[in-house]
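Hello! Here is the structure we talked about, with some notes to read alongside it.

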Amino acid sequence: MNGKMKWITGVLLLFSLIVRGQEKPERWDLKSCIDYAKAQNIQIKKSKVSLEESQENTRLSKAALLPSLSFSTSHSLVNHPKSETSDKNDYSGSYGLNTSVDLYKGGQLRKTIKQQELQDKIQALTIREAENDIELAITEAFVQLLYANESVEINRNAVEISKAQRDRAEQLLAAGSISTTDLAQLESQYNSDKYQLVAAQTTLEDVRLQLKQLLELEVTDNLELLIPEIPDSEVLTVLPGKVQVYETSLNIMPQIEYSRISIDAAGLGVAKAKAGYWPSLKLTAGIGTGHVSGSSFTFGNQLRNSFNESIGLSLSVPIFSNRSNKTAVKLAQLSVETSELNYIGMQKDLLKSVEKAYLDATSSQAKYKAAVESLKAVEMSFKLVDEQFNLGMKNTLELLTEKNNLLSARQEVVQSKYMSILNLQLLNFYQGKPIEIK
């Protein structure tokens, strides 16, 4: 009883750990998003099913080397209506146990096994590729969400500034320092900024929805992000060498590896097709017996007397196959050429992706440095113009111009910041390093 209780306790503990592992976090960071998406993504699950199908086909190809075994029986009843005997019906039965095995098929069976084993590797790599795809998609959506969130804060700050300017203008109007037209312009700018804030919030929710869909979350699930603090040192991280990134990616990216394996699998297809020119040899064997009614022997004696054993060899030599073998070989050779071209194409596509990520990372870092310096100058200029406006030394148009310049400068800093972060993560990805934003 004690042992049984321990077993039940262990099962419940394991179940609780599994359930806990499937719980959704209250606040999501990039790592939790990626881990959850890999566990829930439908395409990844489909790829895993395809791997199981391929493995089952591998077992089938290996089983083709083993002998087959079958039991057969047949029974017949014959009526003789014109017979003068009292028993006008004959009943007979036969029983047989048969086996056969292919002794030689030009090496086709073993090449099929090797080819199917390569297909298993390709399917396993396809799972990795699907995981990589969802990891990149999650990373891009997560960074977009961070950018949209910060953009909302910038627009909210712009609304606060516009409101303060509008309120100050009302005081200046009451004091006779500005005209009603000036106040109307500031009121209009205040309403425009509120509209832009609503638009930014809408964009934020749209990006949040995209991330939820990538995570396969339910409509009732909330997606609250754990917003990381990203210092300038991380934005301006020293970039690795482009050639180094590309050479590393060639050795670790699953699409490159399975394209290379596909060439080997296609080569085995050529060897299988050429096996059609070779003779095939099959061994057959069987045992059987039978009985028939109307005999003076008993049923058991008939089965004993009719018992027989057989063994035979079957040789098939292809002479003329209506071009089927020649066409099969040619198609298999063309498949090799296609696989080689696909391999080259995959390498070129990867190179394009690495070069684009590297170029974007370089330009976004340069833009970020320039945008930060520009923002400092614009903030100082806005502060001076705002003070001069309050003293009546600047008009409303000049104030609004400087305020819009400030908003634009802040947006440029945020945009270049997150573009830099995204492309740095892409370069890490192509080097096999974990994607993380802390």
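What volume does the largest cavity have? The answer is about 40 Å³. A cavity here is a set of points, on a 1 Å grid over the protein atoms alone, where a 1.4 Å probe fits but cannot get out, and lining residues have an atom within 4 Å of a point. A volume is the space filled by probe spheres set on the points, with grid points joined across faces, edges and corners.

Before going on: this is a predicted model, where local features need pLDDT of at least 70, side-chain atom pairs count only at pLDDT 80 or more, and totals for chains, interfaces and linings use all residues. Residues are numbered from 1 along each chain as its sequence is written, and side-chain values use heavy atoms, leaving out hydrogens and water.

The lining of the largest cavity includes Ile-154, Leu-406 and Arg-410. Helix 4 and helix 11 (396–430) each supply at least two of its residues; helices are DSSP runs (H or I, at least four residues), numbered from the N terminus.

Arg-410 also forms a salt bridge with Glu-379, at 3.9 Å from N to O. The term means a side-chain nitrogen of Lys or Arg within 4 Å of a carboxyl oxygen of Asp or Glu. Glu-379 sits in helix 10 (residues 324–390) and Arg-410 in helix 11, 31 residues apart.

Another salt bridge joins Lys-62 and Glu-117, with the closest N and O atoms 3.6 Å apart. Lys-62 is in helix 3 (residues 42–63) and Glu-117 in helix 4, so this pair ties together parts 55 residues apart in sequence. The whole structure has 18 salt bridges.

Happy exploring!

Note on methods: On a 1 Å grid over the protein atoms alone, a cavity is a set of points where a 1.4 Å probe fits but cannot get out, and a pocket is an open set with protein on both sides within 12 Å along at least five of seven lines; lining residues have an atom within 4 Å of a point.
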